[in-house]
Amino acid sequence: MSLLVPILVLSGLGAAMGVGLAVAAKFLSVAEDPRVEALVDILPGANCGACGYPGCSGYAKGLVAGEDVTLCSPGGNATVKDIAAILGVEAVTVVEKVALVKCAGGRNVAPDRSLYVGPQTCRAAVLVGFGNKECRWGCIGLGDCAEVCEDDAVEFTADGLAYVVADACIACARCVKACPRDLIEMVPKDRKVHVLCSSHDPGKITKNVCQVGCIACKLCSRRDGKSFVIEDNNATVLYGEGSRDVPTAALICTPGAVWDANMYDQVTWLTDPEARVHLKEQQAEFKAAERAERAAKKKKAAEAKKAKEAAADKAEAEPAVGKPEKTEEAPDQEPEKGAE
Amino acid sequence: MSVSFRGGIHPRYAKELASDAAIEHLPPPDRAIVHLSQHIGAPATAVVKKKQEVKKGDVVGEAAGFVSVPVHAPISGKVTDVGLYPHPFGSMQEAVVIESDGKDQWTDLPPKAQPDSLSGEEIKDRIRNAGIVGLGGAAFPTHVKLSPPPAKHIDTVLLNAAECEPYLTADDRLMREEPRRVVSGFQALQKVLGAANAVICIEENKPEAIGAIEKAVSKAKGVRVATLHVKYPQGGEKQLIDAVLSREVPTGGLPMDCGVVVQNVATCAAVDDAVRFGKPLISRVTTVTGEGVANPVNVVGRMGTPVQTFIDAAGGFQGTPGRVILGGPMMGGAIHKTDIPVIKSTGGVLVLTPEQLPSGDFESCIRCGRCVRACPIHLCPNEMGNYAEVEMWEELEGLDVNDCIECGCCAYSCPANRPLVQLFRYAKLWIRQNQARAKTAESKDEK
Amino acid sequence: MAADEKDTSSGADKGADKAADKGADKAADKSADKAAGKAADKAAAEPTTEPAEAAETVPPILTVASSPHVRSGESTARIMWTVFACLLPASAWSVYIFGMNAAIVLATCTGGAVVFEALVQYFTKDRTMVQDGSAALTGLLLGLTMPPAASVVICLIGAFVAVVVAKAIFGGLGHNPFNPALTARVFLLIAFPGAMTKWPVPLQTLAEKPVSLYGQATTWYSSFAANKTLEPAAAKTGTAMSALADKVDVITAATPLAVAKEHWQKGTGEVLHYSDYFVGNMPGSLGEVSVVVLLLGAAFLLIKGYITWHIPVSFILGVVVMAGMTHLASPTRYMDPIFHLVTGGIIIGAFFMATDYVTSPTYPLGMIIFGLGCGLLTMIIRLWAGFPEGVSFAILIMNAVTPIIERYTRPKKYGLKPWAEPEASK
Amino acid sequence: MELLILAINAILVGNLVLAKFLGICPFLGVSKKISTALGMTMAVAFVMVLASTVTWLIHVGLLKPFGIGYLRTIAFILVIASLVQLTEMAIQKFSPSLYEALGIFLPLITTNCAILGVAVMNVDESRSFLPMLVYSFAASLGFGLALLLFAGIRERLETAAIPSAFKGAAAALVVAGILSLAFMGFTGLV
C-alpha cells in the first residue's frame, strides 16, 4: 500500500500531462520543412553571406522557398550537387570563382598626391577629397578588404597594394562589397589572363597617374573582341561564354595592364620590377616576330602574285630580311606607340 | 543684446590675421580652368568648343535643369580644352580651359537697371542667368531658393553675416567696404520673395561691419540688424534661424518649411551686381589666411584661378605648409595640391602649419559628454561615433545620424581626438547607398 | 614609461604638498605635448624630406584630413592627470593623518595599477596608453578607498582587479561598464572583510595634536570600548594616546558610520563633533576622511568644467532627502543628514567616483537620475542593509543601470519644434 | 507589509541570479538585446508563476495528504517539463517572432533550476498560497531586473574593443560577477 500510492500518484500525474501534451500537439503544432535541416547540414557553415542571406540557415530556408541552388560559392560544385539532390532538382555546374583585385598600381607605379591623416581605412580615406592617390580609381591599400576576409586571403605588397591569394580564397565575396572603389571582382578560378586596372579616366589622364594603367588603346579588344571589351575608357575581360584566355594579350598591352598568370605569378608580377623589364623584352620580341610574320606573309602573297605574274623583279623582298634586326630597338619605341 | 542657440563651441577665431587687410583685386589669370560643376545640382553642359574665342562673361556652360546654373568665362581669350580636370573636392570633373588674350574684355551685358524698376520675376531671371549660387559654402543655386512652392509662405529673409568660421574675414571686409552693395542685393532678394521681415544677422565680433551695415540700412524699410553671440556654428542656417527667430527647421526639411530663406553676404553682393549691372558671377572675395602664409589678405579673384595664385598673393607659404584648406578650418575641405582652380564656393584659402594640425591617432571614447554639449543639433555624437566605428548602421539611423550637419563641433571638442565627422559622413553615405540598394532590389522584385 | 609614472605618483605622495601637484601637472602636459609633437613630426617629416632632393619648384606634399582641421587641444591624458592632481591634496592629507602607512597604500595601489596596465598592453600588443593616466587615476582612487592599514598584497590584488578584471577585459579605457576602482574595492571588501574593515585611529589623535581634538578623542574612544585591539580599560581611563601608541602597532577603531550602526541606533555611545568629521580627524578609509580637501579638488574640477554639477548635486540631494526624512521620523534612531554627508565616502563618491565619465550617463537628465539613484541606494544600504557604508555598492549598481538610463534620456534633437505659419500672413 | 518585504527580498537581496545563482543559462543566453531580455522575462514570469502555483497545489493537495513529500522533485520536474512544453507550443503558434527570439532558451526553461528552485523553496518555506504567489512573481521580477541590467550592459559592450579571448560569454560572465558583487550590498536589507 505504501508503495502503491506514490506509484499511482506519479503515473496519474504522468498520464494527465501526457494527454495534455498530446492534445496540445494536435492543436498547436507548427509544420516545419525537414529539408531545411538537411540543407543546413550540407552547407559549408561559413556563414559568409555570399549567397545574400545572413547565414547558411537563412539560405537553407531560402532554398526550400525556391531560391537559386548555385549561390553558395564557398561550397562550389559539390555543394550544388548535394543541394540539388535534397531538393530533387537538376544539378547545375557552376564555375568556381576567386576574388581578384583589379588594380596593379602600388605606390611605386601610381604615386600618392598628398599625405592622408585620419582613420586608416579605405572607406574613411576616400571621404577626404576622393582619396590621396593620384589615380582616383586605384587601390588605396588600407585594407578594408583584408579586414572582412576571414580566411586571410588578402595580402599587401610593400607598396600598399592589395591582392588576393587565390588558393586561400573561398569566394565569399565579402571583399567585393568592402572595397569602396569597387576594385574587386569575382573571376573564374581557371582563367589566367586578367586586366589589372579599373580606371575609367581617358588614357591621357591615366598615363599621368599610373605607369601600369589601362589606356584604352583597344589593342586587346581588336585582337579578340569576344574576350576583351573596352568600356568607358577601360579594358574589361569578358569571362562569360565564348571567351578565352588570349595567350598573346599580355604581349600586346603597351602599358602592361594585362596580367597573364601563365607568364608571371601574382607576387612577381606586382612586386618585381624585373618582371616588367622582362615583359618589355618579351613584348618587343613578340612584336618583332609578328612583324616578321606579317612581312613574310606579305612576301608570300607578293611572291605568289609575282609568281602568277611570273615577273622577274625580286629586289622587293629585301626589307623582310632587315626587320629582325630592329628587335633591340623595339623596347624604346613601345611606350611611344602605345601613347598614341 | 545678442542672441544665440544651445550647443556650439568657442574655437580660436584668429580673425585678426586678415581682418585689417582691405580687399585687393587679383589680376586675371593667364589660364583659367573653369569647372562646369561649381554648384550643387546637375553640372552645367559645355556650350563652347576647342579654339573658340570667348569674352569675359560669355556663357561657357549652360544650366542643365532647374537645380543648376550657367557658368561664365571669367576672362576673355581662347578655349584650349574641354575635359576632365582636378576639382577642389578631389575628383576629376569636366572643365573648360580658357587661355587669356590679355585684353580682359567684357561681353555684351544686359542693360543696367534699378532693382525698383524690375519685377520679382525679372530679378530672379537676372540672378539665374548670372549663375549665382549660395556663396557661403554650399553653393546651392540661388534662384531655386527664391522659388518656394506656392504652398509655402516666406515671411522672413535672413542675411547670414555671422561668418562664424574661424580665420575667414571675406564677408566682414565686404560689409565694411561695400555695405550699400550688400544691402541693396539683400533688398532685391526680399523683393523677389515678398517677405515682410528682413534681418541682417552679424556676430558681435565685427563691430565695424555692424556699424557700416546699420548706417546703410538706416533708410531702408523693414530691414533690421540683429547682433549674434560669438559662437560656432552661429552661421549655420539652422542655428541662425533658431537664434534669431526661435524657429526650428523641421527634420529633413528646408528653411522655407518654417517660412525663412537665408542668404549669404557674398551672395547678396553678387546679386546686386547681377541685378543692377547684369554682371555674371565670375569673381568673388576670398580670404587667404592662416599661419602658413606670409601675409594674409582678402582678394577678389576670378573663378578658375589656381589656388597657388591666391597663396602667392598672400606672400607665399611661410615655412613648410602643413595643409591647404578651401574654406574655414571647421568645415572646409583640404586639397591635395595647390594647382587646382577655385570655384564659386571658395570663400577662403587657409594654410595651416604642420604644428597646428591635429594628429590622426585617436583613442576610445571616454564618454565625457563634451560632444553632446557641443552638438548644435542636440544629437549624441558619442554613441553615434561608437556605433559608426563598429558599423552598426541600424542603431546609427536610430540616433538620427542623418540629421548631422557635419559642423565639426563634436570632433573639435573630443579629448580622445576621435574623427567623429568623418565617421558620420561615412555612415550617412553607407545608409544612403543601402537605401538605394534596397530600392533597386524592390523594383527588381516587382518586375 | 610605466616606471616614470610610478615615480611621479609615489613621489607626489611623499612630497604631499603643492609642489607635487605641479609635478603631476607638468608630467601630464609633457606627455600630452610629446604625443602632439610626435604626430606633428610625422606630418612634417614627409614634406621636408622628399622635396629636398627634388628641384625647388616641386610643391611641398600637403596633408589631407577630414574637417574639422583644428581641435580644442583637450586630451584624455590631460583630463585624467588633472583629476589625479585634484586628488593629491586629499592624498596628502591622508598621509598627514595616518602616517607613512597611508603613503605606502596609495603608492602601491597607484604603482600597481600602472604596472598592470603596462603589462596588459604589452601582452595584448595594444598601443601603449599608460601615459593617458587613467590607470594611475584608477590606482589612486582605489588607494583612497582603502583602509590605512591595508597590506601591500591586498593593495596589489585590488590594483589587479581594477585594471585587469574590471577594465582590460572589456577593452580598456572607455569600455568598462563598472567603475574599476570601486569594483576592486567591493571585491576586496567581500574577499577580505577583516582586513578591509580595520580602521586605525588617526595619528593626530594619538600624538595629542592638534591639542583641541584630544579631549574629544577620549570620549570618542569610550564609545567603541568593545574594540578589539585597544584595551577597554586603557581607553576608559583616558591615558595619553601617545603612550598607548608605543605599546601597540596600530590602534584600530570603528568608523563613525559603523559606530552609528552598532551603537547609536540603539541609543548608546556618544557623537564626535562634526568639525572633526569635516576636517577628517576620524577613522576611515584614506580618501573619505577629509571633506574639506576633497571639496577643494572637486571645486577645481567643477570650475574647469571637467565635471558637471548634475551628478554630485543630485547624489547629495538623494542622500539629504533620504537621511532627512528618516531623521525627522525618528531622530534618535537615525542620524541627521549632515552626519551622513561628512562621514563615509559620500563626498569622494559624489565628486570623484560617480562622475567617472565612462561609467555614468552622459546626458543631463540621465546624470540627475543617476545621482539621485546613487544617493538613495547609498542611504538604503547605510540605514537598513548589513554594511555600514553603501557608497561603493550604490555607485556600482547605478553603473549597471547606466546603459538603460542613457537609452531613455537622450536629448531631444533639433528640428522637432513645430512651426505654425502666423495666421495674419495667410 | 510582510508581503512587501518578501517581494523586496526576492527582487534585491535574494535575487535569483545574482545572489542565488539560479537560472544562469538564460541569463547569459538571452541577454544580448534589451528587447529579447524583456521577452524572456515575460516568459519566465509566466512559467514561474504557473509552475509554482501548480506545484504548490500538487504538493498541498496530493503529495502532502498522501505523505509522499519526498517525491516532490520528481513530481515537480514532471509537471514543469510538461507545462513548459505547452508554453513553448503556444508561443510558437501565436508569436513566432518571440519564439524565434527565445530560440533554444525556451526549452531550457524546462529544466531550469530557477523554476524548480522557486517551486521547491515555496514548499520548503511552507508558504501559504498568497505569499507563494507573491514570491514567485517577485522572484521572476528579480530575474527580469538582472536580465535587463545585464542586457543594457551587453548592448553597450557590443561597441567595445574586447580582446578576442574574452569576447562573448567570458566578458559577460565577468560582468555578471561584478553585478553580483554590487548586489551583495543589499545583504541584510530585510
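## A covered helix in chain C

Let's start with helix 17 of chain C, whose buried residues are C:Ile346, C:Ile347, C:Ile348, C:Gly349, C:Ala350, C:Phe351, C:Phe352 and C:Met353. This helix spans residues 346–353 and is mostly covered, as eight of its eight residues are buried. Here, a residue is buried if 20 or more other C-beta atoms lie within 10 Å of its own, exposed if 12 or fewer, and partly exposed in between, with C-beta atoms placed from the backbone. Helices (H or I, at least four residues) and strands (E, at least two) are DSSP runs, numbered from the N terminus.

The model is predicted, so local features need pLDDT of at least 70 and side-chain atom pairs count only at pLDDT 80 or more, while totals for chains, interfaces and linings use all residues. Residues are numbered from 1 along each chain as its sequence is written, while chains are lettered from A and ligands numbered from 1 in the order in which they are written.

## Chain C as a whole

Chain C has 19 helices and three strands. Of its 426 residues, 58% count as buried. Take the contacts in chain C between residues at least 6 apart in sequence: 75% of them join residues at least 24 apart. Two residues are in contact if their C-beta atoms, placed from the backbone, lie within 7 Å.

Contacts between them involve 30 residues of domain 1 of chain C and 23 residues of domain 2 of chain C. On the domain 1 side, the elements giving two or more residues are helix 3, helix 4 (100–123), helix 5 (134–145) and helix 7 (180–191) of chain C. Which of these gives the largest share? That is helix 3 of chain C, with 11 residues. By class, the domain 1 side divides into 21 nonpolar, eight polar and one charged. For these classes, Ala, Val, Leu, Ile, Met, Phe, Trp, Tyr, Cys and Pro count as nonpolar, Asp, Glu, Lys and Arg as charged, and the others, Gly among them, as polar.

Helix 3 (residues 76–98) of chain C also packs with helix 14 (residues 291–304) of chain C, at an angle of about 170° and with the axes 8 Å apart. That makes the two helices roughly antiparallel. Axes are lines fitted to C-alpha atoms, for helices over the stretch in contact, and angles run from 0 to 180 degrees between N-to-C directions; those under 35 degrees count as roughly parallel, over 145 as roughly antiparallel, 65 to 115 as roughly perpendicular and the rest as oblique. From helix 3 of chain C come C:Val83, C:Cys86, C:Leu87, C:Pro89, C:Ala90 and C:Trp93, which meet C:Val293, C:Leu294, C:Leu296, C:Gly297, C:Phe300 and C:Leu301 of helix 14 of chain C. The residues of this helix–helix contact comprise 11 nonpolar, one polar and no charged.

## Where chain C meets chain B

The contact between these chains takes 46 residues from chain C and 60 residues from chain B. On the chain C side, helix 2 (18–53), strand 1 (63–64) and helix 3 are the elements that give two or more residues. Helix 2 of chain C gives the most, with seven residues. The chain C side has 24 nonpolar, 14 polar and eight charged residues.

## Strands and domains of chain B

Strand 15 (residues 323–326) of chain B has both faces covered: B:Arg323 and B:Ile325 on one side, and B:Val324 and B:Leu326 on the other, are all buried. Two strands pair if DSSP finds at least two bridges between them. Strand 15 of chain B pairs with strand 17 (residues 348–352) of chain B in the antiparallel sense over four bridges, and B:Val351 in strand 17 is the bridge partner of B:Val324. Strand 15 of chain B also runs antiparallel to strand 16 (residues 333–335) of chain B, joined by three bridges, with B:Ile325 opposite B:Ala334. Strands 15 and 16 of chain B form a hairpin with six residues between them, and B:Gly327 in the turn has a positive phi of about 110°.

The domain assignment of chain B gives domain 1 (116–277) and domain 2 (370–441). Their centres, taken over C-alpha atoms, are 30 Å apart. Six residues from domain 1 of chain B and five residues from domain 2 of chain B make up the contact.

## Chain D against chain A

In this pair, 15 residues of chain D are in contact with 13 residues of chain A. Helix 3 (34–66) and helix 4 (72–94) of chain D each supply at least two residues of the chain D side, and helix 4 of chain D gives the largest share, 11 residues. The chain D side has 11 nonpolar, three polar and one charged residues.

Key
Domain bounds come from an automatic or database domain assignment.
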